[in-house]
Amino acid sequence: MSDPHGPEVRLELVGQVALLIVERPGACNALARSTMVSLGEVVNELDHRVNAGLVRAVVFMGASGRFVAGGDVIDLLNVKSEVAAQELSRGMQDTLRRLAALSCPVIAAIDAYAIGGGVEVALACDLRVIAADAFLHFKHVDLALTTAWGGQRRLAALVGPQRALRLLWDAAKVYAEDALRLDLVDRIAAPGESAEACARAWATSLAQRPPHVLAAMKRLSRRSESEVDPGAIDRLERSIFSAAWMHSDHDAAVQHLLSERRPRGVVPPRGRFVVFEGLDGAGTTTQMHLLATALRSRGQEVLTTGEPSGGPIGRLLREALGSRIAERTDGRFPAASIALLFAADRHDHLKHEIEPALDAGITVICDRFDYSSLAYQGQENDPDWVSTINRSLLRPDLVLLVQVTAEVAASRRATRNSVPEIYEVDDFQRRVVLAYADIARHREGDPIVTIDGERDRAEVGRSCLEAFDARLVSLKPMG
Ligand code: TYD
């Protein structure tokens, strides 16, 4: 799959040295889920190039003079189930296993910091170079989490299980000199020199040496390290991590982290709340990510989310939409129950995900909100009642209604190869088109902008960004 969200991880080739660069402006190079996907693809690409003899050494680094700040807490706010948390762990375990197995030297260049999962990334490299004033921060326990990306087993292999445990329990922040003494890093850049420059010089010299010998040594070294079965430890790590992820302590730690970002005594400008609406197949999810990427590239913090949410009511709704309610012979709930569930999910979503992010000054982009309830549940229930049960909810600052005809939406859905949900029926979708048009016409006070969604997706993306700028940038300074 190619990354639809922009090049958050890129490769730059300097002779036979490859620079693998994580670039998340505005997020301290923290890894969002899209970045993780992108990293997996770049590691694949590297593997081909190394095997073809085109790359002989790799420098893993972050853009803008800092390494990686772990997982992006904002993006990960909507990882709301144990299964999703396991997947998060599995994906990065796999990517870092492949990174570690590249048959050439891989050097982490740690400028400024590596934090939490960022340390786990550094530990998956063969060698670590750190800037003289940089640090490693084993921050997991502060977020009530364990490692998730193979970090604890790699740390234990490097410094011994006892010391690994101490570093993690203490949420230790280890500066360059101590990191070298503990063997956590292999070299400190000269004062005033960047870790990147130092790592590049080292990689360039390693790239001159016979690659097959370096690769053979790496294999031997990895072999001697892995007396225990890393697969079994990774499985255990996944299940332990996902349980910690779902514990209320983690939720509380994240809320605390978000509230701490606010300068003391100063209420930050609230984040913007932007909603995408449209038919199934209108392209709202793609457009949400395009807009998020554009805003992030301006250094803005953005949470992308959607409804049904990833929370417990949202998961129940997914079952209902797929006619998979086990206790009902037809797998379904009555239309009124579904309408109430959507409203209930929305309240929960607002309280646990959207409001805390907006309060922290983060722009939230949501794929569907209560207009969907009006357009969809309004077909099978009294529209006034649907409107009532959704009343008094937070109003969006901007609603981007992506319009396509029911026919275009149907043909796009046909290429998706997924089992149709209950509303994905042509006649129903035609009525939803009319309902959306009605909403756009009659809700004059609402900030709805209609976007022609039948054009090329980059063009649609430009229109969405223009609408955002026209409506929101001019209002007051962004948070
Ligand atoms: P959708 O965003 O299309 O999810 P996906 O593309 O991942 O399946 O939402 C799923 C369905 O839920 C879609 O058919 C619209 C419907 N829906 C409602 O009927 N009412 C609502 O309030 C919301 C939020 C969604």
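Helices α12 (312–321), α13 (335–359) and α14 (370–380) each supply at least two residues of the shell around the ligand, and α14 gives the most, with four residues; helices (H or I, at least four residues) and strands (E, at least two) are DSSP runs, numbered from the N terminus. The model is predicted, so that local features need pLDDT of at least 70 and side-chain atom pairs count only at pLDDT 80 or more, while totals for chains, interfaces and linings use all residues. Residues are numbered from 1 along each chain as its sequence is written, and side-chain values use heavy atoms, with hydrogens and water left out.

**Ligand site**
- Of the 14 residues around the ligand, Asp-280, Arg-346, Arg-368, Ser-373 and Gln-377 come nearest, where a residue is near if one of its heavy atoms lies within 4 Å.
- An N or O atom in the side chain of Arg-346 is 2.7 Å from an oxygen atom of the ligand, and a polar side-chain atom of Ser-373 also lies 2.7 Å from a ligand oxygen atom.
- The protein buries 88% of the 540 Å² that the ligand exposes when taken alone, by the Shrake-Rupley method with a 1.4 Å probe.

**Sheet**
- Six strands form an open sheet of mixed pairing in the order β1-β2-β3-β4-β6-β9, two strands being paired if DSSP finds at least two bridges between them.
- The edge strands, β1 (9–14) and β9 (187–188), each pair on one side only.
- Strand β6 (residues 127–130) pairs with β9 in the parallel sense over two bridges, and Val-129 stands opposite Arg-187 in β9.

Technical notes: A polar contact is a pair of N or O atoms within 3.5 Å; within protein, one must be able to donate a hydrogen and the other to accept it, and residues adjacent in sequence count only if both atoms are side-chain atoms.
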